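Trainee: I would like to go through this structure and ask what lies behind the words used for it.
Mentor: Go ahead, and we will set each word against its definition.

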Amino acid sequence: MKTLAEWKAGEALEPVVIGPVTRLDLIRYAGASGDFNPIHTIDEEARLAGLPGIIAHGMWTMGNLSRLFTPFLDSAFIKEYSVRFQGMVLLGDRITLQAVLENRAGRTFTFAVTAVNQSDKTVLKGHLVLEWLREPPASE
Amino acid sequence: MLRDKIGRRSGRVKNRVESGWVQRFAEAIGNAAPVFLDEEAAAATAHGRPIAPVTFPVTFDYGQIPDLGLPPKGLIHGEQTFRYRRPLHVGETVYCHMELKDYYEKVGKSGTMGFAVLAKRVEDESGELVCEAEQVIIINEAVRKEMSR
């Protein structure tokens, strides 16, 4: 892993692609989060709400995006994480999770984060602030 | 409608950061990592013990704001923020409550939309703040009319 001194603004983390989104993904998230709003799991309810189909919980996408930072959590913690949900995530979608280091002040790194679907539409956009508690361990 | 309820809050509710729940939650967001789940691996981290995923506070019970009257259906989650003083530790007991921090309306193409801002607080057993979460809920024209009946 990079030393803290090696990080520069503008550097991107390795993006992660998730999906295609399945109903089971959303049923599992509903159970694990306690958010049983039926527009996320039941077709009929989604239609009644005027949606094209069931949509992913915004928090499912936000939670998934945080995995980009998990490799750093041995030495850091996520101090702040804020997003705006800009678009719907539908069944079958493939979502690309991205983060770019925007600026750094000492041990506090601020990343711009986005989630983009297969048609290049941004579904989520925000910021994540990582605070390093120690130098990351050097790895092979 | 909701404007006169700004400042109302729920009572404090005791919650536990339960390891089995952390595991199911981490799996559901594709993030089942040792730092959340494995005591031995987590002992070698800067935290010295397993921590919870950053969005885990969505699972907590924050109680009910008296007579808030938000409908169970038709709401849109617009924005979400978490601000931490320190990581949340697996196994710890926390106390949670929330407040209606703000309510405002905006006129758009599809009518008047309402925006309710819920501010949630997670405190540890000594009353120290661990995490603040803010949630913006969008209430569309149809739901808003239903509520003001």
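This is a predicted model: local features need pLDDT of at least 70, side-chain atom pairs count only at pLDDT 80 or more; totals for chains, interfaces and linings use all residues.

Trainee: What is chain A built from?
Mentor: Chain A holds 3 helices and 5 strands. Along the sequence they follow the pattern β-α-α-α-β-β-β-β. The C-alpha trace of chain A spans about 55 × 30 × 25 Å along its principal axes.

Trainee: How much of chain A counts as buried?
Mentor: Of its 140 residues, 34% count as buried. A residue is called buried if 20 or more other C-beta atoms lie within 10 Å of its own.

Trainee: Why is β2(A) called largely enclosed?
Mentor: Because 7 of the 10 residues of β2(A) are buried, the strand is largely enclosed by the rest of the structure.

Trainee: How do you know that β2(A) pairs with β5 of chain A?
Mentor: Two strands pair if at least two bridges are found between them. Here 9 bridges join β2(A) to β5(A), residues 122-132, and the two run antiparallel. One of the pairs is A:E80 with A:V129 as its bridge partner in β5(A).

Trainee: Which sense of pairing do β3 and β4 of chain A show?
Mentor: Strand β3 (residues 95-105) and strand β4 (residues 108-116) of chain A pair in the antiparallel sense over 9 bridges. A:A99 stands opposite A:V113 in β4(A).

Trainee: What joins β2(A) to β2(B)?
Mentor: β2(A), residues 76-85, pairs with β2(B) in the antiparallel sense over 5 bridges. That count meets the requirement of at least two bridges. The bridge partner of A:V83 in β2(B) is B:Q80, and A:Y81 stands opposite B:F82.

Trainee: In what order do the strands of the sheet come?
Mentor: The order of the 10 strands is β1(A)-β3(A)-β4(A)-β5(A)-β2(A)-β2(B)-β5(B)-β4(B)-β3(B)-β1(B), with antiparallel pairing, and the sheet is open.

Trainee: Why is one side of β1 in chain A, and of β1 in chain B, without a neighbour in the sheet?
Mentor: Both stand at the edges, β1 (16-18) of chain A and β1 (13-16) of chain B, and each has a single partner strand, so one side of each is left without a neighbour. Neighbouring strands of this sheet are turned by 25° against each other on average, direction ignored.

Trainee: Why are α1(A) and α1(B) called roughly antiparallel?
Mentor: Their axes come within 9 Å and cross at roughly 150°. Angles over 145 degrees count as roughly antiparallel, and therefore α1(A) and α1(B) are roughly antiparallel to each other. The crossing is left-handed.

Trainee: Which residues make the contact between these two helices?
Mentor: A:R28, A:Y29, A:A32 and A:S33 come from α1(A), and B:R24, B:F25 and B:A28 come from α1(B). They divide into 4 nonpolar, 1 polar and 2 charged residues.

Trainee: How many residues does each chain give to the contact as a whole?
Mentor: Chain A gives 30 residues and chain B gives 25. On the side of chain B that touches chain A, α1 and β2 (75-84) each supply at least two residues. β2(B) gives the most, with 8 residues. That side divides into 12 nonpolar, 10 polar and 3 charged residues.

Trainee: What makes the backbone at A:D120 worth a remark?
Mentor: Most residues other than glycine have a negative phi. A:D120 has a positive phi of about 70° although it is not a glycine. The residue is in the loop between β4 and β5 of chain A.

Trainee: Why does A:D120 count as exposed?
Mentor: The cut-off is 12 or fewer C-beta neighbours. A:D120 has 7 inside 10 Å, so it counts as exposed.

Trainee: What is said of phi at B:D67?
Mentor: Phi of B:D67 is near 55°, a positive value in a residue other than glycine. B:D67 is exposed, with 7 other C-beta atoms within 10 Å.

Technical notes. Residues are numbered from 1 along each chain as its sequence is written. Chains are lettered from A and ligands numbered from 1 in the order in which they are written. Axes are lines fitted to C-alpha atoms, for helices over the stretch in contact, and angles run from 0 to 180 degrees between N-to-C directions. Helices (H or I, at least four residues) and strands (E, at least two) are DSSP runs, numbered from the N terminus. Angles under 35 degrees count as roughly parallel, over 145 as roughly antiparallel, 65 to 115 as roughly perpendicular and the rest as oblique. A crossing is left-handed if the near helix is turned anticlockwise from the far one by less than a right angle, and right-handed if clockwise. Two residues are in contact if their C-beta atoms, placed from the backbone, lie within 7 Å. Ala, Val, Leu, Ile, Met, Phe, Trp, Tyr, Cys and Pro count as nonpolar, Asp, Glu, Lys and Arg as charged, and the others, Gly among them, as polar.
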